[in-house]
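Visitor: Hi, I'm new to this one. Could you walk me through it, starting with any term I'll need?

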Amino acid sequence: MGTSTSSAGAGAGTSFDPPWLDDAGDSIDTGCADTPLSPSTDPSDDADGDKSEGDDENQATPPAGPPIAPPGRYQQARGALTGFIRSGSDSDLRRGISSFVKKGMGGASRAGSRMRTSAIAASSLGGFLATARDATDPSINAWVDSIKQRGLSAKNTALEVVQRLIPSGGSVDEESAKHAMDNAIAHLYEMDPATDIFNLTDDQIASLMAYTVAFDVYNRVQLELGRVFEKLKYAPQLVQNRLGQVLDYIIVVVNRSMEKVRAGGVERPMRDIANAALRDALTVFAES
């Protein structure tokens, strides 16, 4: 489940947003990211959904506030997650992720701006697979036919899809997005082994987008706090089990956010949906 190389985390006195952030995601093929996605077929607690306008613009604009990270930005998150590893307490887990978003990443709004590549990756993947399903783009149709003719396994097909969408990568965010896409497709197959990646329903595409965002959030936690887990003197199996609980929690929250923003009975561009789901999930994490 370790999909990112852990670090000591960005320290105090550094900017919340790295200087290369505006270029992050440039290597992702976003040609299908604005493909419309139908509303959810499942009931939601929020029947009106998230109809906020300008999601794309809001995600790309850093929020007001100090751009420099404070001292000990991850200290509380590390303490809570260390307690979680020891006890397995859900409250410690929620507290750790909440502090990670609120103090470590500067709040839900700033975190959404920092993690904009997550939404770009999710919507690009969803839009590409919807276009492949509907056979509306001749170049994508030819590519899908070539993949099918090679008789690849599900795993290798997933790798080909991700490579098609992010052929080069390079930045931390783009590499994390590649891992997130790959793990999201694998998770979709785990949930339904009979899945045809080139014939997904809109609900399956929405789930895949949610998984992509969730795995990218999880990657971010591992990247910034990974050494916390590495230094703990617990059995590796226990640490892996706890990390599995972290991932499960993140997936549940992001799935609920995805269901919420798809409610309302109106189809929306996948880019808008992914941005809104990411923003909503980060708000839930921060307020938990």
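Guide: Let me begin with a term: a residue counts as buried when its relative accessible area is under 20%, as exposed when that value is over 50%, and as partly exposed in between. Please also keep in mind that this is a predicted model.

Visitor: Okay, so is aspartate 92 buried or exposed?

Guide: Aspartate 92 has a relative accessible area of 15%, which is under the 20% limit, so aspartate 92 is buried.

Visitor: And which residue does aspartate 92 form a salt bridge with?

Guide: Its partner is arginine 95, and the closest N and O atoms of the two are 2.8 Å apart. Both residues belong to helix H3, which covers residues 90–104, and they sit 3 residues apart, about one turn of the helix. Arginine 95 has a relative accessibility of 41%, so arginine 95 counts as partly exposed.

Visitor: Why would two side chains pair like that?

Guide: In general, side chains of opposite charge can pair when their charged atoms come close.

Visitor: How many salt bridges does the structure hold?

Guide: There are 9 salt bridges in the structure. One of them joins arginine 133 to aspartate 202, with the closest N and O atoms 2.8 Å apart. Arginine 133 is in helix H5 and aspartate 202 in helix H9 (residues 202–231), so this pair ties together parts that are 69 residues apart in sequence. With a relative accessible area of 17%, aspartate 202 is buried, whereas arginine 133 counts as partly exposed at 24% relative accessibility.

Visitor: What about glutamate 160, who does that one meet?

Guide: The side chain of glutamate 160 meets that of arginine 150 in a salt bridge, at 3.2 Å from N to O. Glutamate 160 lies in helix H7 (residues 154–165) and arginine 150 in the loop between H6 and H7, so the bridge ties together parts that are 10 residues apart in sequence. Glutamate 160 is partly exposed, at 24% relative accessible area, and arginine 150 also counts as partly exposed, at 48%. Elsewhere, salt bridges that share partners link Arg114, Asp173 and Arg220 into one network.

Visitor: Switching topic: how do H2 and H3 pack?

Guide: Helix H2, made of residues 75–87, packs with H3 at an angle of about 160 degrees, and their axes are 8 Å apart. The two helices are therefore roughly antiparallel to each other, and H2 passes H3 in a left-handed crossing.

Visitor: One last thing, where is alanine 108 found, and what does it touch?

Guide: Alanine 108 is in helix H4, residues 108–114, and is buried, with a relative accessible area of 16%. Not counting residues up to four places away in sequence, alanine 108 touches Val101, Leu282, Thr283 and Ala286. Alanine 108 and arginine 279 are 171 residues apart in sequence, yet 6.9 Å apart in space from C-alpha to C-alpha.

Note on methods: Residues are numbered from 1 along each chain as its sequence is written. This is a predicted model: local features need pLDDT of at least 70, side-chain atom pairs count only at pLDDT 80 or more; totals for chains, interfaces and linings use all residues. Side-chain values use heavy atoms; hydrogens and water are left out. A salt bridge is a side-chain nitrogen of Lys or Arg within 4 Å of a carboxyl oxygen of Asp or Glu. Helices (H or I, at least four residues) and strands (E, at least two) are DSSP runs, numbered from the N terminus. Buried means under 20% relative accessible area, exposed over 50%, partly exposed in between (1.4 Å probe, protein chains only). Axes are lines fitted to C-alpha atoms, for helices over the stretch in contact, and angles run from 0 to 180 degrees between N-to-C directions. Angles under 35 degrees count as roughly parallel, over 145 as roughly antiparallel, 65 to 115 as roughly perpendicular and the rest as oblique. A crossing is left-handed if the near helix is turned anticlockwise from the far one by less than a right angle, and right-handed if clockwise. Contact means heavy atoms within 4.5 Å.
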